[in-house]
Amino acid sequence: MESIVVKGGSQLQGTVATSGSKNAALPILISALLADGRHEFKRVPVLRDIDSTEQLLTELGCRFEFEDSTLTVHVAPPKSPVAPYDLVRKMRASILCLGPLLARYGEARVSLPGGCAIGSRPVDLHVQTMQRLGAEINIDEGYVVARAKRLVGDRILFERLTVGGTENALMAATLAKGTTVIENAAKEPEVVDLARYLKTMGARIEGEGSSVITIEGVDELTPGTHTIVADRIEAGTLLIAGAITGGGITVADCVPEHLQALIDKMRECGFSITTDASSITLDAIELWTGTDISTAPYPGFPTDLQAQFMALMTQAHGTSVITEGIFENRFMHVQELVRLGADITPMSQVAIVRGKPGGLSAAEVMATDLRASACLVLAGLVAEGATRVNRIYHLDRGYEKLEHKLASLGAGISRM
Ligand code: EPZ
């Protein structure tokens, strides 16, 4: 079982580049199922979740070449449109192949993902969407079994905001007959990037990035080329890594406006941050104060940066109230931070963080999910001594060479 050891005390400085977005790459790779032939994707990050997506798409008839972060996908019709349990349980985003398989082949068997560490994460909104577009759906032996002669466009109103649900609806609607209007759609930059690639393939989409997206179905799409948008969560994680050490760094090759909520909150704490078109620069400071955050759908504060921001608040002067508004169980990192000496009181959806600058000391801790593992690495950057973060395979799901990127900024960090 691999782990990462982080020595506390270095003040990070320098410039670090952002990789392509995991949460844009996953739906975009899966959207290739909508068109046979050769798709080319640039700036694809090397991640375990990308490997899992390749395995899933290989099951579904695709072949791959992957070098220098360019991934070429050759798509051909699958022997059978099935996404098996042993693949889906490793990566719940596999549910995103439901829409494309139904739209292309009129049938799909996709395993239910099961729960995950941060919450039950049901897929009821995905299933309801396909029924809305005319599919007949049964749950059989843990699989979603879906059939539709041809999907027919309709009005889809999401009772709750869902990123994946919006992406599944978007992909399915591109080949449905007639017009689909998605209301209460997610506005995340990853949804916009997916829509961008679908339009490259010939889809007719308007309104992506707003809460109403209109899609005119077409009969066929053709493969194209796309450069994946920068990973805003990785960029935010790197920015917080610089901040927690009191260092001054530049995060390059990112989209600053995708991180406006984080930048605003860090400025509220006293950080001095400047941005240009593709980078964010943080000045070194001695101390910062606490502030309150509530995670919310984009453009609100991202739930995927909640754990990392909590680590930063453990070093603030003053108390911070952190509210998790998206997932029902996303405070697993709290007990691990407490083991490092943090003063945090978790209630169900709220955690009170009493800042203690310099109050963390090294310990052996355990990663429980992707963003919690990043949070523990960040805490290790300032904990006195050498912190060992175990089960680091969680980190490798969503961060490309994080220890190399942090080491390039001066962190004492290595993988065991
Ligand atoms: C995406 O997950 C991201 N994953 C998550 O990032 C991110 O935290 C989340 O959006 C919210 O921004 C990918 O894009 C691959 P949702 P997704 O559907 O699509 C409930 C990371 O760390 N819900 O917007 O699964 C759900 O339980 C990951 O990179 C239903 O009830 O999130 C949650 O409480 C973690 N029924 C809320 O909606 C459904 O059918 C938001 O989920 C679907 C979702």
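How many helices and strands are there in the chain? In this predicted model, the chain contains 14 helices and 24 strands. Along the principal axes, the C-alpha atoms of the chain fill a box of roughly 65 × 40 × 40 Å. The radius of gyration of the chain is 21 Å, which agrees with the value near 22 Å that a compact globule of 416 residues would have. Of the 416 residues in the chain, 58% are buried.

In helix α10, which spans residues 306-313, eight of the eight residues are buried, so the helix is largely enclosed by the rest of the structure. The buried residues of α10 are Gln 306, Ala 307, Gln 308, Phe 309, Met 310, Ala 311, Leu 312 and Met 313. Helix α1 is mostly covered, with nine of its ten residues buried. Among the buried residues of α1 are Lys 22, Pro 27 and Ser 31, and the others include Ala 24, Ala 25, Leu 26, Ile 28, Leu 29 and Ile 30. The N-terminal end of α1 is capped by Ser 21, a side-chain oxygen of which lies 3.2 Å from the backbone nitrogen of Asn 23.

In Asp 304, a polar side-chain atom is 2.6 Å from an oxygen atom of the ligand. For Thr 162, an N or O atom of the side chain lies 2.7 Å from an oxygen atom of the ligand. At Gly 164, a polar backbone atom lies 2.8 Å from an oxygen atom of the ligand. On its own the ligand has 820 Å² of accessible area, of which the protein covers 88%.

The cysteines were examined next. A disulfide is a covalent bond between the sulfur atoms of two cysteines. The structure holds zero disulfides. Cys 62 is in no disulfide, and the nearest cysteine sulfur, in Cys 97, is 10 Å away. With a relative accessibility of 5%, Cys 62 counts as buried. For Cys 254, the closest cysteine sulfur belongs to Cys 269 and is 19 Å away, which is too far for a bond. Cys 254 counts as buried, because its relative accessibility of 5% is under the 20% cut-off.

A loop position was also considered. Pro 256 is placed in the loop between β15 (248-252) and α9 (260-268). In sequence, Pro 256 and Thr 281 are 25 residues apart, while in space their C-alpha atoms are 9.9 Å apart.

Technical notes
Residues numbered from 1 in each chain as written. Predicted model: local features only at pLDDT ≥ 70, side-chain atom pairs only at ≥ 80, totals over all residues. Heavy atoms only, no water. Polar contact = N/O pair within 3.5 Å; in protein donor to acceptor, adjacent residues only side chain to side chain. Areas by Shrake-Rupley, 256 points an atom, 1.4 Å probe, with all protein chains shown as cover. Disulfide = S-S within 2.5 Å. Buried < 20%, exposed > 50% of the residue type's maximum accessible area, 1.4 Å probe, protein only. Helix = DSSP H or I, 4+ residues; strand = E, 2+ residues; numbered from the N terminus. Rg over C-alpha atoms; globule rule 2.2 N^0.38 Å.
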